[in-house]
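Hello,

Here is the structure we talked about. Please look it over, then read my notes below.

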Amino acid sequence: MDKFLSLLVWLLLLLGINLVKISRNRKRLQSGEDKAHVKKAAEPLLEALGTDKVLYAHWEEHEHFGRGTKTTFYRYALTYQDRSLYLLPLQVNKRTREIQPGKPIQLKAESLGRITVTTKEKNGAVSRVELHLYDKEAKTVLQLTVDGTCLRKSRWYPLNILQQEECEAFYQFILPLAQQVEAENPGMDAIMEAHAREGFGVIGLILAALGAFFVLFVFPVGILFALIGLILAVIGKIKGGKSNKGLIISLLCFAWTLGFSWFYINYLFV
């Protein structure tokens with residue numbers, strides 16, 4: 001009973017602390033303090049362009065390494081004009097929330113092959129705009145998210161920013177621009193489909209290489225991986241993949257797993 005009461009007290013204490021933090025962050029959200037800091041960091045760029053439009057944008061990149069995942073956080077001040085996006089990388093001190101701007105980046109519509117726009121709505125208004133920008137070879141140039149409301153959640157999400165009207169205005173700008181870029185690059189669908197087909201070969205090569213490694217320790221597992229890799233490489237080729245490298249390497253890896261397994265069974269497994 002005493003342990004239960006102690007646990008309940010700790011839970012109530014943590015809940016109270018979280019409620020205080022949320023209340024404090026909402027007050028800062030309404031005050032516009034962090035929003036003003038972002039605009040101040042972008043002032044030289046805004047003055048050079050002769051505009052006062054600025055938004056806070058962010059992106060989280062996830063890289064997977066075996067069982068681990070590395071997450072890199074990107075933060076930007078974003079403005080736009082004519083057919084260009086201007087991004088100012090931001091370094092935000094996680095403790096003091098001081099903002100240091102980086103070097104501005106200009107992305108012209110003429111250099112892009114596709115802009116995909118994904119939105120979320122709340123109460124009938126656009127509350128989030130997600131962008132994926134590709135070059136004319138269908139390679140990713142940039143991904144970013146603009147939220148109408150950004151509330152400080154942790155040191156990784158350090159700012160409280162309310163920009164609902166700016167978010168909707170940006171959506172009204174980026175949607176027709178995305179449609180223009182798509183119309184100007186009619187062959188992008190075929191290029192993106194070709195990249196998807198090549199992906200089978202890449203995945204097949206990776207699995208086949210893993211099979212060639214695993215066969216040294218558990219040869220049935222190695223053969224299985226190499227076989228699956230070879231099948232994926234063949235599927236990619238059948239679907240129209242141009243490169244033969246993945247198929248050739250997958251075939252060699254599969255042959256290696258079979259050869260090593262035969263040698264192990266006949267000469268080492270005694």
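By class, 11 nonpolar, 7 polar and 8 charged residues line the largest pocket. (Ala, Val, Leu, Ile, Met, Phe, Trp, Tyr, Cys and Pro count as nonpolar, Asp, Glu, Lys and Arg as charged, and the others, Gly among them, as polar.) The pocket's volume is about 550 Å³. Of its 26 lining residues, Arg128, Asp147, Thr149, Cys150 and Lys153 are the closest to the centre. A pocket here is an open set of points on a 1 Å grid over the protein atoms alone, where a 1.4 Å probe fits, with protein on both sides within 12 Å along at least five of seven lines; lining residues have an atom within 4 Å of a point.

The model is predicted: local features need pLDDT of at least 70, side-chain atom pairs count only at pLDDT 80 or more, and totals for chains, interfaces and linings use all residues. Numbering runs from 1 along each chain as its sequence is written, and side-chain values use heavy atoms, without hydrogens and water.

Now the aromatics. Tyr80 and Phe170 form a tilted pair, 5.4 Å centre to centre with 55° between the planes. (Rings of Phe, Tyr and Trp, its six-membered ring, pair if their centres lie within 6.5 Å; planes under 30 degrees apart are stacked, over 60 edge-to-face, the rest tilted.) Tyr80 is in strand S2 and Phe170 in helix H4, so the pair ties together parts 90 residues apart in sequence. (Helices, H or I, at least four residues, and strands, E, at least two, are DSSP runs numbered from the N terminus.) Both Tyr80 and Phe170 are buried, meaning under 20% relative accessible area with a 1.4 Å probe, protein chains only.

Best wishes

Note on methods. Points joined across faces, edges and corners; volume = space filled by probe spheres on them. Buried < 20%, exposed > 50% of the residue type's maximum accessible area, 1.4 Å probe, protein only.
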